[in-house]
Amino acid sequence: MDKPISPNLTRGAKIRIGLLILALVLPVLPLVSDYLLHIIILIFLYMILSLGLNIVPGFNGLLDLGYVGFYGIGAYTSGLLTYHFGLSYWVIIPLAFINGAIWGILLGAPTLRLTGDYFAIVTFGFSELVVLFLTNEIWLTRGPLGLPGIDVVSIDLTLFGGPKWEFVGEVPYYYLALCMVLVTVFVMYRIQDSRLGRAWFAIRDDEVAAVSCGINLLTYKVIAFAISAAFGAVGGSFFARWVTFLSPDMFKFWESFLILCMIVLGGMGNIWGVMIGAALLVSLSEVLREILPLFGLPAEVRFLAFGLIMVLMMRYRPAGMLPIPAVAAQMRAGRTKRKKEKPVAGLKS
Amino acid sequence: MFLQQLVNGLVIGGIYAMIAVGYTMIYGVIQLINFAHGEIYMLGAFFAITFISFLSLPFYVAFPLSMACCAICGVLLDIVAYRPLRRSPRLAALITAIGMSIFLQNLAMIIWGSRPKPFPQEALPAYFDTTAVSFGGVNLSWFHIFIFGLTLVMMIGLNLIIKKTRWGKAMRAVAQNQTMAALAGINVNRVISYTFALAGALGGAAGIMVGAYYNSIYPTMGYVAGVKAFAAAVLGGIGSVPGAMLGGVVLGVAEAFGAGYLSSLYRDGISYAVMIIVIILIPAGLFGRVLKETKKSM
């Protein structure tokens, strides 16, 4: 649909390049405070998380309610390795990725053969168990006291005779998060267009048809779950080194819900939609956090809005703000059928 | 120690059973995990303390009144949130259920505040605290007896409703096959409403009893209780009402013993672990039929 404005670039590409340039120069613009940068980093973090989660409900059509479990695993992997062994962040990223993937496989392999509802519940139980573990294994995680004083990220070139540069303030983290988002988006696009992605879409659209085309359902679902978990863990590893403090309370079910809400709002399966969903909800969350106390309400009440958003989206725009055609068609399928069946089945009350 | 844990387990297990029955009945008729069911339970407790402290109704009046309010809430929940999505993919309904759960929880937080509220003890009959039976070093108060007796009465009543009445027959028919039930002249939507009302009333009753028993009522109480009750329903075989009852009691006892003998820190973890293990190893549960591979969830 894109009409080429210039001979070489489509409009979409121009928007993308424009956004990228804006993102690159943003910290040096006037009026950009540390607080704003902080929120934008938060948006970037949630973009990584929601892109990771998107693989399971968006690409595979399975509901994952325990994503925050992997986020927590990644965060504590990063936090503990820093706290106890002082590992560099650049080593921790792949370790967190692998750890997330391992747990994804461990949880996914026995449970992904279940029907959708059961799978959702098992993932939920898993994330609760992760929180319980983090709370109670005080010898390892310091439990509810939290894990304070995690080192900031640093680029250490002393090995090669260079300087050691520690990340102070929000600006270096901003660029780090930006890089991570770009890598995530790149990987997501590559996966989406690969054989793997096509297999997932086939599973999402019709499992029976996918099996008869020779797709091993369990294998592909486990791969999806593991990759999704790995990105969750990477998000967590960044989070740990950015806020330099971890506590088990940060990884409650609310977070899973919030990330799921971003996907639902933006459009399940749509990479751009999911990112926009993340940006919108983080902004909304921050605005509400400021506004609600003015009315004498606790800031947690903002989840009321998120619950409402989810219910309303499912009712009126089940495929999200930026729907992708396949998901939209599936979500619509039942509704048109209802209209046809109504007179036959007499379901009207 | 052993007997004390057993008594604790049975009392709390009975309450889990009452919530679990709601999950299982609703799953039976519309194949939906009603995540918001735990919130109905929470609302039951809040209704009760509101009736008692603001309208100064006696406990015995506030109790059924709160149950009725919960029944209405259940029906409204169905009409507002789930009915429009009846024919939508399962994923949509499931997400709506989670959304409603979070919504109700925060609504309660706005209305009643997020701090735990005590149950007005003066409203409870005075003899609740007195010892009714004492054996083997275990003291059973009248309150224990009340909770256990009421649970038993409600479970038997529910069984009678499902087995003997026209409603119950219609419910079983809808659970088996909605289209055929509709063809046989059953108003499916009304039956679903009845089911939500019944489930809501039972959940509400459980909420009031827990609120009074632990003397603490807070907006997030439905969350953990809901998950545990769901675990009980899964353990019993989802869709099976006697299964949910047994599952609740088994889970309650397991939790009491686990907390008493293994580690009280992992008290909540026991039900999650039981749930995951049951789902993986025997997804049909103790009493359930093997779940048919339903249409793709999305």
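The entries below go from the whole chains to single residues.

**Ground rules**

I worked on a predicted model, in which local features need pLDDT of at least 70 and side-chain atom pairs count only at pLDDT 80 or more, while totals for chains, interfaces and linings use all residues. I number residues from 1 along each chain as its sequence is written, with chains lettered from A and ligands numbered from 1 in the order in which they are written.

**Confidence in chain A**

I checked pLDDT, the predictor's confidence in each residue from 0 to 100. Chain A has a mean of 83, and 93% of its residues reach 70 or more. I then went through the elements, taken as DSSP runs numbered from the N terminus (helices are H or I with at least four residues, strands are E with at least two).

A reminder to myself: where pLDDT is low, the predicted coordinates should not be read in detail.

**Overall build**

I counted 14 helices and two strands in chain A, and 11 helices and two strands in chain B. Read from the N terminus, chain B goes α-α-α-α-β-β-α-α-α-α-α-α-α.

Next I looked at the radius of gyration, taken over C-alpha atoms, against a globule rule of 2.2 Å times the number of residues to the power 0.38. For the 349 residues of chain A, a compact globule would come near 20 Å, and the chain's 21 Å agrees. For the 298 residues of chain B the rule gives a value near 19 Å, and the chain's 19 Å agrees too. Along the principal axes, the C-alpha trace of chain A spans about 75 × 55 × 55 Å, and the C-alpha atoms of chain B fill a box of roughly 55 × 45 × 35 Å.

For burial I used the count of other C-beta atoms, placed from the backbone, within 10 Å of a residue's own: 20 or more is buried, 12 or fewer exposed, and in between partly exposed. By that count, 45% of the residues of chain A are buried, and 52% of those of chain B.

**Where the chains meet**

How many residues of chain A are in contact with chain B? I get 47, facing 48 residues of chain B. H5(A) supplies the largest share of chain A's side, 12 residues. That side divides into 27 nonpolar, 11 polar and nine charged residues. Here Ala, Val, Leu, Ile, Met, Phe, Trp, Tyr, Cys and Pro count as nonpolar, Asp, Glu, Lys and Arg as charged, and the others, Gly among them, as polar.

**Two helices**

I tested helix lengths against 1.5 Å times one less than the number of residues. The 21 residues of H5(A) should span 30 Å, and its end C-alpha atoms are 30 Å apart, which agrees. Since 16 of those 21 residues are buried, H5(A) is largely enclosed by the rest of the structure.

Helix H1 (residues 2-30) of chain B should span 42 Å with its 29 residues, and the 41 Å between its end C-alpha atoms agrees. H1(B) is also largely enclosed, because 21 of its 29 residues are buried. Gln31(B) follows H1(B) and has a positive phi, near 50 degrees.

**The hairpin in chain B**

Strand S1 (residues 131-135) and strand S2 (residues 138-141) of chain B pair in the antiparallel sense over four bridges; pairing requires at least two DSSP bridges. Val133(B) stands opposite Leu140(B), and Phe135(B) opposite Val138(B). Two residues lie between the strands, and Gly136(B) takes a positive phi near 50 degrees.

**Two single residues**

Trp200(A) sits in helix H8 (residues 195-205) of chain A. With 26 C-beta neighbours inside 10 Å, Trp200(A) counts as buried. Leaving out residues up to four places away in sequence, Trp200(A) touches Phe59(A), Asn60(A), Tyr220(A) and Ala224(A).

Leu91(B) belongs to helix H4 (residues 90-112) of chain B, and its 25 C-beta neighbours inside 10 Å make Leu91(B) buried.

Key. Contact = placed C-beta atoms within 7 Å.
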